[in-house]
Amino acid sequence: MTSIETFPPGLVLILGAIAVPFLRGTVQKAWILLLPLIVLGLVWQVPDGTVLTVSFLDYTLTPVKGDPLSRLFAIIFSIMAFAGGLYAINHCRVAEMTAAFIYAGSAIGVTFAGDLVTLFLFWEMMALGSTTVLLTGGGRAAVPAAMRYLLMHVMGGSLLLVGIVTHLDATGSIAFVAMKPESFATWMILLGFLINAAAPPLSAWLPDAYPEASPGGMVFLSAFTTKTAVYVLIRGFPGAEILIFVGLFMVFYGIIYALLENDMRRILAYSIVNQVGFMVTGIGIGTEMALNGAAAHAFTHIIYKALLLMSAGSVLLMTGKRKCTDLGGLFQSMPLTTICGIIGALSISSFPLTSGFISKSMIAQAAIDESLMIVWYLLAAASAGVFLHAGIKFPWFVFFQKDSGLRSPDPPLNMRLAMIFFAFMCIAVGVFPGPLYSLLPFSVDYVPYTAAHVLTMLQLLLFSGLAFFICLPLMKRTLTISLDADWLYRRLLPFVLERLVAVFKPVDQGIRAGFLDGINGLIARTYKYLGPEGVMARTIRAGSMVYWAVTLLVVYLVLNLV
Amino acid sequence: MAEKKKTMAKKKAKKSPANPKAADNVTSETKGQEYTSLHWLVRPPTIRMLWIGGGLVLAALVAIETGIKTHGYFGIDDTFAFNAWYGFIVCVAMVIAAKGLGIFLKREDTYYDVD
């Protein structure tokens with residue numbers, strides 16, 4: 001019998017989530033807060049190595065296999081589920097909360113999956129859970145966005161499944177271990193992973209779908225899908241060089257699109273792609289320092305991005321506004337939300353004494369160690385760009401700029417507590433990086449706080465800030481969106497299909513009509529000859545038959561004589 | 001008295017939300033005592049002080065580099081105050097690049113509304 005220590009922690013969260021709709025009132029709320037903490041305790045206890053195996057067909061599945069990398073991601077996923085639950089407990093529907101916990105549990109399931117089949121099952125449950133979060137929490141616009149989101153992830157899942165099956169056929173192994181993108185199978189697996197990481201050219205699903213979720217829903221969504229993709233890339237494709245290029249593209253894509261964006265939560269959605277880009281670049285570099293950096297950055301990113309989205313979600317919930325053109329001056333009536341938003345903004349910008357400073361700099365250090373000059377210059381430019389698009393732009397346009405006249409108060413207590421908790425964590429991890437470093441997959445030989453590092457980072461960031469205020473006239477907010485790759489399937493594809501229909505409809509109708517005429521003609525002719533009045537159906541007298549038999553006999557005899 | 005004015009201004013703002021133009025007019029047309037109708041952080045003298053303070057901090061950050069040895073790894077990054085000028089230039093470049101791309105990429109935010 002399976003003891004609780006060997007039971008998959010992700011499954012505990014999923015089963016616990018299913019209980020949520022059956023509970024009521026205070027018990028339900030207490031369970032929502034307690035469940036992630038129970039799971040956190042279980043995650044903490046997962047030892048190194050294979051913990052649980054299950055026979056399935058001819059294969060042995062490994063639903064729970066622990067190591068520092070698995071635990072690191074599972075720990076932050078559990079913490080995120082707790083903080084997200086606390087934040088959303090009053091404004092999210094029960095169905096949404098249940099789906100969010102199933103989603104979180106599936107993400108934890110992925111992190112402990114020791115084989116590709118288990119990974120795939122939890123991977124697909126994540127897609128279903130996250131789609132349900134969108135559908136149950138969002139408004140009317142969320143439904144088509146959720147369908148596009150689901151289609152994209154079903155496609156990613158299909159690629160992953162093709163890769164897994166082909167890989168199994170080629171190697172006979174379902175173990176989830178480090179691979180290289182050298183065969184069709186591993187390329188398919190990599191593509192499946194990259195779609196969840198919001199990698200180009202299919203990044204648009206993220207800023208398309210996430211901002212349509214409820215305030216709490218988007219906090220959950222920001223944490224799991226892309227970071228699970230980062231986890232599987234760290235484990236599955238460390239050092240795959242193509243990831244450096246993919247990551248750098250994501251970094252600048254996120255910055256440029258966030259600079260153009262007017263919707264505060266979409267700014268932060270583009271910013272997720274930007275930050276995951278840093279992690280993907282680190283995975284592509286592939287050294288122990290880089291992988292530690294990518295893992296640490298995923299950990300800190302989940303916290304500060306959730307904090308930023310909690311702050312933005314509070315503004316949305318309290319004001320009903322989400323566009324920068326409608327916002328501004330809220331620092332006067334929402335001081336706590338403003339302060340927490342600023343702490344999140346400083347963290348994402350890697351400001352000294354915040355969590356981003358001690359994680360992102362490891363990736364840059366790895367580029368230096370590997371003498372990747374261009375990569376380092378681009379990462380430095382991107383670090384400045386992060387301060388530009390998220391570090392200043394978000395708080396400036398939402399809480400400051402021109403006074404919108406809105407005087408909404410800070411959100412309810414539970415939401416304030418969730419923000420305070422994550423703001424505290426941003427600073428605590430930034431000031432005391434030791435505990436996080438001890439959780440990383442490789443031993444850490446890196447000292448973030450040197451006078452030179454602090455000085456250079458402050459120079460980079462504060463002069464970026466100067467550039468922001470000097471360029472402010474160029475960044476006037478407009479009631480616009482920016483075209484992205486989703487234009488291909490939201491506009492071009494329907495347009496092409498409509499044109500094709502317009503062109504081929506007459507042709508198709510002509511072919512059908514011609515074919516139908518042919519069939520009708522055949523039937524008519526058949527009827528003519530074989531019908532009741534047809535030649536072939538006529539009654540023939542016996543005399544005629546004898547006449548024709550004699551005629552044929554005569555012809556035969558004549559021919560025989562000749 | 002000042003407190004009373006502040007409270008009244010707040011009440012007024014609550015009654016007529018989303019009126020940025022009115023706030024702008026107050027900013028540009030009022031002097032001295034009437035700044036009290038604005039939050040202290042957005043009063044012109046405060047903003048002037050913030051610009052001066054910010055400028056001093058930036059100057060100090062560059063000046064400190066004369067005393068702290070920073071390490072360059074790839075050549076150009078070893079130049080004086082590299083991170084300061086590099087951060088500034090790349091940010092201006094990114095804003096301009098975004099502005100340029102915006103010409104082609106931006107659409108009305110109702111563009112997809114027929115979906």
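**Terms and the values behind them**

Modeller: Helix 1 (residues 9-19) of chain A has as its buried residues A:Pro9, A:Gly10, A:Leu13, A:Ile14, A:Gly16 and A:Ala17. Bear in mind that this is a predicted model.

Biologist: What makes the buried residues of helix 1 of chain A line one face?

Modeller: Looking down the axis of helix 1 of chain A, the buried residues fall within an arc of 165°, so they line one face of the helix.

Biologist: What covers the buried residues of helix 1 of chain A?

Modeller: The cover includes helix 2 (25-45), helix 3 (68-88), helix 4 (94-112) and helix 5 (116-137) of chain A.

Biologist: Helix 5 of chain A is also the place of A:Thr132. Why does A:Thr132 count as buried?

Modeller: A residue is buried if 20 or more other C-beta atoms lie within 10 Å of its own. A:Thr132 has 20 C-beta neighbours inside 10 Å, so A:Thr132 counts as buried. The C-alpha atoms of A:Thr132 and A:Tyr103 are separated by 9.0 Å, with the two residues 29 apart along the chain.

Biologist: Why is A:Gln401 called partly exposed?

Modeller: Partly exposed lies between the two limits, 20 or more for buried and 12 or fewer for exposed. A:Gln401 has 19 C-beta neighbours inside 10 Å, so A:Gln401 counts as partly exposed. A:Gln401 sits in the loop between helix 15 and helix 16 (413-431) of chain A.

Biologist: What makes the phi of A:Gln401 worth a remark?

Modeller: Most residues other than glycine have a negative phi. A:Gln401 is not a glycine, yet has a positive phi of about 40°. B:Ala81 is not a glycine either, and has a positive phi of about 55°. B:Ala81 lies in the loop between helix 3 (44-64) and helix 4 (82-105) of chain B. B:Ala81 counts as buried, because 20 C-beta neighbours lie inside 10 Å.

Biologist: What kind of peptide bond joins A:Pro200 and A:Pro201?

Modeller: That bond is cis, with omega about 5°. As a general rule, most peptide bonds are trans. A:Pro201 is in the loop between helix 7 (184-196) and helix 8 (205-209) of chain A.

Biologist: How do you know that strand 1 (residues 49-56) and strand 2 (residues 59-66) of chain A pair?

Modeller: Pairing needs at least two bridges. Strand 1 and strand 2 of chain A have six bridges in the antiparallel sense, so by that cut-off they pair. A:Phe56 is bridged to A:Tyr59, and A:Leu52 to A:Val64. The two strands form a hairpin with two residues between them, and A:Leu57 in the turn has a positive phi of about 55°.

Biologist: What makes strand 2 of chain A mostly covered?

Modeller: Six of the eight residues of strand 2 of chain A are buried.

Biologist: Which residues have the most contacts inside the largest nonpolar core?

Modeller: They are A:Ala104, A:Leu233, A:Ala306, A:Leu307 and A:Phe422, in a core of 211 residues. Helix 12 (residues 288-319) of chain A gives the most to this core, with 20 residues. Setting aside neighbours within four places in sequence, the contacts of A:Ala306 include A:Met80, A:Val219 and A:Phe422.

Biologist: How many residues does each chain put into the contact between chain A and chain B?

Modeller: Chain A supplies 45 residues and chain B supplies 46 residues. Helix 18 of chain A gives the most to the side of chain A that touches chain B, with 14 residues. The residues of that side divide into 30 nonpolar, 11 polar and four charged.

Biologist: How do you know that strand 3 of chain A pairs with strand 1 (residues 106-108) of chain B?

Modeller: Three bridges join these antiparallel strands, and the cut-off is at least two, so they pair. In one of these bridges, A:Ser482 has B:Lys106 as its partner.

Note on methods
Residues numbered from 1 in each chain as written. Chains lettered and ligands numbered in written order. Predicted model: local features only at pLDDT ≥ 70, side-chain atom pairs only at ≥ 80, totals over all residues. Core = buried A, V, L, I, M, F, W, Y, C linked by C-beta atoms within 7 Å. Helix = DSSP H or I, 4+ residues; strand = E, 2+ residues; numbered from the N terminus. Contact = placed C-beta atoms within 7 Å. Nonpolar A, V, L, I, M, F, W, Y, C, P; charged D, E, K, R; others polar. Arc of directions from axis to C-beta.
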